[in-house]
Amino acid sequence: MKSYSDTTLVEFLRLAASDAPTPGGGGIAALSGCLGAAMASMAIQFTVGREKFAQHEEALQKTLSALRPLLDDMLAAIDDDAHAFSGISDAYKFPKGTDEEKAARRAAIDEAVTASMRVPLRVLRCCDEAVHLLPHVAATANPNLLSDVEVSAIMLTAAARAALVNVYANSTMLKTDAAREAEAEGERLLTRIQDVDATVKSTIADRK
């Protein structure tokens, strides 16, 4: 499978709009997270290196360094989500003629669904880490870039909501403690993210 990192934006959107099974909701959630992290990074890039904001240089450089691996991880999650979906499809093709085959097929499906569930949960964790970097950015970034910081918060929150939907799309197929734990963690993370999103918007409003 060709990596989505090697496709153009137009190719990706056409695939997403087609009857191809991937990229689907999980990949779109991850892409939304990437865009959120990218907007925060851009706001920082237009702030660092400028004498006017020199007192914030060190902290913002650290934030920029922290955002890069989160963006990369969410970018990788677009491919990982597609591979996970393929794993589920392959598991459903297992033979089911005998009781032993049925049991093996069920185990393979559960394993594949669990792997698929973990990808959007990973995106949620990345969104949580990224959005918690934003309050300082909102308070110190170049004021000309505050709209981009707000877009960052919006996209990361939207990505988290979409990722949680995809956690549930998989977890509801499972009767395991791991599935229930993933649901609880996802809900907890989304609540945290929404709280920080509100803080970021308030900080930006105070600076306008």
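A: Helices here are DSSP runs of H or I with at least four residues, strands are DSSP runs of E with at least two, and both are numbered from the N terminus. The model is predicted, so local features need pLDDT of at least 70 and side-chain atom pairs count only at pLDDT 80 or more, while totals for chains, interfaces and linings use all residues. Residues are numbered from 1 along each chain as its sequence is written, and side-chain values use heavy atoms, with hydrogens and water left out.

With those terms, the protein chain has 7 helices and 0 strands, and the order from the N terminus is α-α-α-α-α-α-α. Its C-alpha atoms fill a box of roughly 75 × 35 × 25 Å along the principal axes.

Burial comes next. A residue is buried under 20% relative accessible area, exposed over 50% and partly exposed in between, using a 1.4 Å probe and protein chains only. By that rule, 42% of the 208 residues in the protein chain are buried. Contact means heavy atoms within 4.5 Å. Among contacts between residues at least 6 apart in sequence, 75% join residues at least 24 apart.

Now the core itself. A nonpolar core is a set of buried Ala, Val, Leu, Ile, Met, Phe, Trp, Tyr and Cys residues joined through side-chain atoms within 4.5 Å. In soluble globular proteins, nonpolar side chains tend to be buried together. The largest core in this model has 57 residues, and those that touch the most other members are Met 74, Leu 124, Cys 127, Val 149 and Val 200. Two or more residues each come from helix 2 (25-45), helix 3 (57-92), helix 4 (99-131), helix 5 (134-140), helix 6 (146-171) and helix 7 (177-207). The most come from helix 4, which gives 13. As for Val 200, its contacts beyond four places in sequence are Leu 134, Pro 135, Ala 138, Val 149 and Ala 153.

How do the helices lie against each other? Two packed helices are described by the angle between their axes and the distance between the axes. Axes are lines fitted to C-alpha atoms, for helices over the stretch in contact, and the angles run from 0 to 180 degrees between N-to-C directions. The axes of helix 3 and helix 4 come within 9 Å and cross at roughly 165°. Helix 3 is therefore roughly antiparallel to helix 4; angles under 35 degrees count as roughly parallel, over 145 as roughly antiparallel, 65 to 115 as roughly perpendicular and the rest as oblique. Their crossing is left-handed, a label used if the near helix is turned anticlockwise from the far one by less than a right angle, with right-handed used if clockwise. For helix 6 and helix 7, the axes come within 9 Å and cross at roughly 165°, so this pair is roughly antiparallel. The crossing of helix 6 and helix 7 is left-handed.

Ser 116 belongs to helix 4 and counts as buried because its relative accessibility is 5%. Beyond its neighbours within four places, Ser 116 is in contact with Ala 84, Ile 88 and Asn 170. Between Ser 116 and Lys 52 there are 46 Å from C-alpha to C-alpha, and they are 64 residues apart in sequence. Thr 157, in helix 6, is buried at 8%. Outside four places in sequence, Thr 157 is in contact with Leu 190, Ile 193, Gln 194 and Asp 197. Ser 32 sits in helix 2, is buried at 14% relative accessibility, and touches Met 155 and Ala 159, leaving out residues up to four places away.

Helix 4 also holds Glu 111, which is exposed at 60% relative accessibility.

Two details remain near the start of the chain. The structure holds 1 aromatic pair. The ring centres of Tyr 4 and Phe 12 are 5.5 Å apart and the planes stand at 90°, so the pair is edge-to-face. Rings of Phe, Tyr and Trp (its six-membered ring) pair if their centres lie within 6.5 Å, and planes under 30 degrees apart count as stacked, over 60 as edge-to-face and the rest as tilted. Tyr 4 and Phe 12 are both buried. Pro 23 lies in the loop between helix 1 (9-16) and helix 2, and a cis peptide bond, with omega about 0°, joins Thr 22 to Pro 23. Most peptide bonds are trans.
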